[in-house]
Amino acid sequence: MRLRGETGRLPQGPAGVVKPTKVRNEIRRLRFANGEMTQAELAERIGVTRQTVIAIEQGRYSPSLEMAFQIARVFGVPLDEVFQYPVQEGEAS
């Protein structure tokens with residue numbers, strides 16, 4: 001199942017460079033807590049490539065909001081248990 005408008009490929013900037021994201025995630029921990037689910041299994045369940053799951057897990061790519069909700073749903077946890085965005089100095093937490 002592919003997400004409408006999602007190709008499963010990473011968007012790239014100039015010269016194929018992918019900008020790292022500040023978003024942190026617990027996907028690897030959640031995969032292992034759920035029967036050692038493989039990256040390929042997670043990718044199939046959310047309709048993307050294994051390479052996309054790897055990039056998300058490594059913080060090299062931020063998923064769409066829809067994909068983020070799908071990932072959380074696969075693990076049966078709230079979105080903020082999967083993804084976190086660091087609080088900046090001076091921001092309310």
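1. **Basis.** The model is predicted: local features need pLDDT of at least 70, side-chain atom pairs count only at pLDDT 80 or more, and totals for chains, interfaces and linings use all residues. Residues are numbered from 1 along each chain as its sequence is written, and side-chain values use heavy atoms, with hydrogens and water left out.

2. **Fold.** The chain has five helices and two strands. Both are DSSP runs, numbered from the N terminus: helices are H or I with at least four residues, strands are E with at least two. From the N terminus, the order is β-α-α-α-α-α-β.

3. **Burial and surface.** The chain has 93 residues, and 37% of them count as buried. Buried means under 20% relative accessible area, exposed means over 50%, and partly exposed lies in between (1.4 Å probe, protein chains only). The accessible surface of the chain is about 6300 Å². Carbon and sulfur atoms hold 50% of that surface. Areas come from the Shrake-Rupley method with a 1.4 Å probe; for residues, only the protein chains shown count as cover.

4. **Contacts along the chain.** Take the contacts between residues at least 6 apart in sequence: 66% of them join residues at least 24 apart. Contact means heavy atoms within 4.5 Å.

5. **Core.** The largest nonpolar core has 20 residues. Such a core is a set of buried Ala, Val, Leu, Ile, Met, Phe, Trp, Tyr and Cys residues joined through side-chain atoms within 4.5 Å. I27, L42, I46, I71, F75 and V82 have the most contacts inside this core. Helix 1 (27-33), helix 2 (39-46), helix 3 (50-57) and helix 4 (65-75) each supply at least two of its residues. Helix 4 gives the largest share, six residues.

6. **L42 and I46.** Beyond its neighbours within four places in sequence, L42 is in contact with I27, R31, M37, V53, V74 and F75. I46 lies in helix 2. I46 counts as buried because its relative accessibility is 0%. I46 and R73 are 27 residues apart along the chain, yet their C-alpha atoms are separated by 9.6 Å.

7. **Q39.** This residue is also in a helix: Q39 is found in helix 2. Q39 counts as buried because its relative accessibility is 19%. Not counting residues up to four places away in sequence, Q39 touches R31, R50, V53, I54 and E57.

8. **T52.** Helix 3 contains T52. T52 is buried because its relative accessible area is 2%. T52 and S62 are ten residues apart in sequence and 9.7 Å apart in space, C-alpha to C-alpha.
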